Amino acid sequence: MITFFRKIRQKLLSQNRVTQYLTYAIGEVALVMIGILLALQVNNWNETRKAQKAQRDLLSSFLEDLKADSVEFENFADEISNVIEVHDKLYRVKMGALSSNDLENPRLLRGSIRYSSIVMTNHPNFGALIKDEELRKEILDHYRLLLRLDNSYLQYDKVVKEIVRPYLAENLTLNEAFLFDNANEEKALFILDRFYDVIQRDDFGQVLFEANLKARELRTTFENVLKSNAQLQESIQTKIL
């Protein structure tokens with residue numbers, strides 16, 4: 001193609017047709033510039049398409065972990081609700097509104113839950129990777145809620161491990177046979193008669209208050225995170241369709 005244009009220019013010069021030569025040369029330059037601009041446009045389009053695909057791939061992976069988180073958080077919320085139910089029944093037994101025989105799973109009083117977020121583990125700085133400003137803000141808001149959940153969980157876990165469990169041990173309510181006596185058929189975690197006596201005490205009411213307060217705060221935070229998770233899933237799905 002370059003050889004073809006060169007021959008045309010040489011022919012015009014040999015015929016002393018300077019004006020036509022200049023017009024042709026300008027046109028040739030313009031044609032080359034248009035070609036360069038088109039090439040740049042195509043290259044920019046390809047790069048934009050690659051970047052968009054990379055964003056969709058990132059969001060698709062993130063969406064799958066959000067879905068996994070939502071399932072886990074539902075389970076965690078159910079677990080903490082079971083603990084709160086035990087707290088409520090213990091209070092009603094203490095106040096004489098419920099028989100101790102109606103207590104189910106009192107062992108949940110001293111139990112904690114194993115909490116973790118797949119999103120936080122797999123995508124610790126995900127917001128910084130997202131180009132869409134509105135979606136990035138929504139992701140960062142969700143991460144702030146996850147950090148609040150971490151804090152709420154740690155407070156609850158601390159009360160269980162530093163207040164509830166030591167209190168139960170100090171008041172000799174735990175049954176060592178639960179772990180060590182294989183011949184013991186009952187194998188209750190608590191020495192029930194002693195446990196039922198202890199839960200009538202005023203100082204137990206203070207322990208129960210702290211445990212229930214932190215458990216309720218944790219459940220509320222789980223509920224807020226679940227709402228945020230569902231909204232974020234919806235927002236991401238509209239971006240990757």
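Colleague: Hi! Which hand does the crossing of α4 and α7 have?
Modeller: That crossing is left-handed. Bear in mind that this is a predicted model.

Colleague: And what kinds of residues make up the contact of α4 with α7?
Modeller: By class, there are 20 nonpolar, nine polar and seven charged residues.

Colleague: Thanks! At what angle do the axes of α4 and α7 cross?
Modeller: At roughly 160 degrees, and the two axes come within 9 Å. Angles over 145 degrees count as roughly antiparallel, so α4 is roughly antiparallel to α7. For finding your way, helix α7 covers residues 202–240.

Colleague: Let's stay with α4. What span should its 38 residues have?
Modeller: At 1.5 Å a residue, helix α4 (residues 133–170) should span 56 Å. The C-alpha atoms at its ends are 55 Å apart, which agrees.

Colleague: Where does α4 bend?
Modeller: At Val160, by about 30 degrees.

Colleague: Switching to the ends: which residue caps the N-terminal end of α4?
Modeller: Asp132 does, with a side-chain oxygen 3.2 Å from the backbone nitrogen of Glu134.

Conventions:
Residues are numbered from 1 along each chain as its sequence is written. This is a predicted model: local features need pLDDT of at least 70, side-chain atom pairs count only at pLDDT 80 or more; totals for chains, interfaces and linings use all residues. Side-chain values use heavy atoms; hydrogens and water are left out. Helices (H or I, at least four residues) and strands (E, at least two) are DSSP runs, numbered from the N terminus. The expected span of a helix is 1.5 Å times one less than its number of residues. The bend at a residue is the angle between axes fitted to the seven residues ending there and the seven starting there. A polar contact is a pair of N or O atoms within 3.5 Å; within protein, one must be able to donate a hydrogen and the other to accept it, and residues adjacent in sequence count only if both atoms are side-chain atoms. Axes are lines fitted to C-alpha atoms, for helices over the stretch in contact, and angles run from 0 to 180 degrees between N-to-C directions. Angles under 35 degrees count as roughly parallel, over 145 as roughly antiparallel, 65 to 115 as roughly perpendicular and the rest as oblique. A crossing is left-handed if the near helix is turned anticlockwise from the far one by less than a right angle, and right-handed if clockwise. Ala, Val, Leu, Ile, Met, Phe, Trp, Tyr, Cys and Pro count as nonpolar, Asp, Glu, Lys and Arg as charged, and the others, Gly among them, as polar.
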